[in-house]
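Please examine the sequence and the structure shown below.

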Amino acid sequence: MDGGDEDRSVGEVDGGDHTPFAGGKVRRKASRYREHRGDYLHVSSRPGLMRILEKQGDTSILFADKVLKFTGSGKMKRRIFILTDFAIYLIDPETEAMTRRIALAAVEKVCLSKLSDNFFAIIIPTEYDLFMASTRKTELVQVMVDVTKSASDYDLEVLLSNRFEYNASASLVKEVSFEESEGGIKTKFLWK
């Protein structure tokens with residue numbers, strides 16, 4: 001991953017600051033002062049979703065919300081993202097069928113731009129990676145960092161860079177770059 005001096009990797013933060021961003025990321029005001037609820041979908045009151053989790057031996061829902069997942073071909077798919085103390089679940093919201101389960105122990109790091117956007121990548125060396133967008137990205141990443149630390153005493157790496165690579169599929173590496181432009185943030189994808 002080439003980002004030169006733009007890259008900033010954040011694990012344990014000096015000075016007792018427990019945010020994974022440690023001042024290295026531009027954040028929207030609403031993101032800083034938002035009250036975090038964790039389960040925005042009330043998963044425990046949805047029998048179909050609970051069946052999926054219980055079948056895997058999971059019942060502790062730490063975060064749940066709707067996200068956009070980007071496929072290897074660049075299409076966007078709506079997904080339910082559920083984070084438990086053991087795994088990440090992606091579920092099709094129309095059929096409530098699990099499309100993917102990723103053990104938290106398999107996650108190497110999370111990549112984010114330094115800008116105020118909704119995009120993030122979850123890097124999983126043993127599988128293809130996830131590139132997604134969430135309006136609650138800050139909370140999602142913070143909960144992932146916290147649960148990884150408490151479950152394994154391992155600091156999940158959070159890479160802040162306006163350019164990073166991810167494996168969009170088993171045979172496709174993409175580089176995504178972010179830059180500020182008039183009226184917003186421009187996102188570019190390069191196939192490697």
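**Salt bridges and aromatic pairs in a predicted model**

E179 has a relative accessible area of 36% and is therefore partly exposed; buried means under 20% relative accessible area, exposed over 50%, and partly exposed in between (1.4 Å probe, protein chains only). This is a predicted model, in which local features need pLDDT of at least 70 and side-chain atom pairs count only at pLDDT 80 or more, while totals for chains, interfaces and linings use all residues. Residues are numbered from 1 along each chain as its sequence is written, and side-chain values use heavy atoms, with hydrogens and water left out.

**Salt bridges**

- The whole structure contains 9 salt bridges, a salt bridge being a side-chain nitrogen of Lys or Arg within 4 Å of a carboxyl oxygen of Asp or Glu.
- One of them joins the side chains of E179 and K186, with an N to O distance of 3.9 Å.
- K186 is partly exposed, at a relative accessible area of 37%.
- Another salt bridge is formed by D58 and R101, whose closest N and O atoms are 3.9 Å apart.
- D58 lies in the loop between α2 (47–55) and β2 (61–70), and R101 lies in strand β5 (residues 97–103), so this pair ties together parts that are 43 residues apart in sequence.
- Helices (H or I, at least four residues) and strands (E, at least two) are DSSP runs, numbered from the N terminus.
- D58 counts as buried at 1% relative accessibility, whereas R101 counts as partly exposed at 29%.
- D155 and K149 also form a salt bridge, with 3.4 Å between the closest N and O atoms.
- D155 is partly exposed, with a relative accessible area of 30%, and K149 is partly exposed at 32%.

- Strand β11 (residues 172–181) pairs with strand β12 (residues 184–191) in the antiparallel sense over 8 bridges; two strands pair if DSSP finds at least two bridges between them.
- The bridge partner of F178 is T187 in β12.
- This hairpin has 2 residues between the strands, and G183 takes a positive phi near 85°.

**Aromatic pairs**

- A pair of aromatic rings is described by the distance of the centres and the angle of the planes.
- The structure holds 10 aromatic pairs; rings of Phe, Tyr and Trp (its six-membered ring) pair if their centres lie within 6.5 Å, and planes under 30 degrees apart count as stacked, over 60 as edge-to-face and the rest as tilted.
- The ring centres of F70 and F119 are 5.8 Å apart and the planes stand at 55°, so this pair is tilted.
- F70 lies in strand β2 and F119 in strand β7 (residues 119–123), so the pair ties together parts that are 49 residues apart in sequence.
- F70 also forms a tilted aromatic pair with F131, at 5.4 Å centre to centre and 55° between the planes.
- That pair links distant parts of the chain, as F70 in strand β2 and F131 in strand β8 (residues 130–133) are 61 residues apart.
- F70 counts as buried at 14% relative accessibility, and F131 is buried with a relative accessible area of 0%.
- One aromatic cluster is formed by F70, F119, F131, F164, Y166, F178 and F189.

**Charges over rings**

- The charged end of R100 sits over the ring of Y128, 3.8 Å from the ring centre; a charge sits over a ring if NZ of Lys or CZ of Arg is within 6 Å of the ring centre and within 35 degrees of the ring normal.
- K174 lies over the face of F189, at 5.7 Å from the ring centre.
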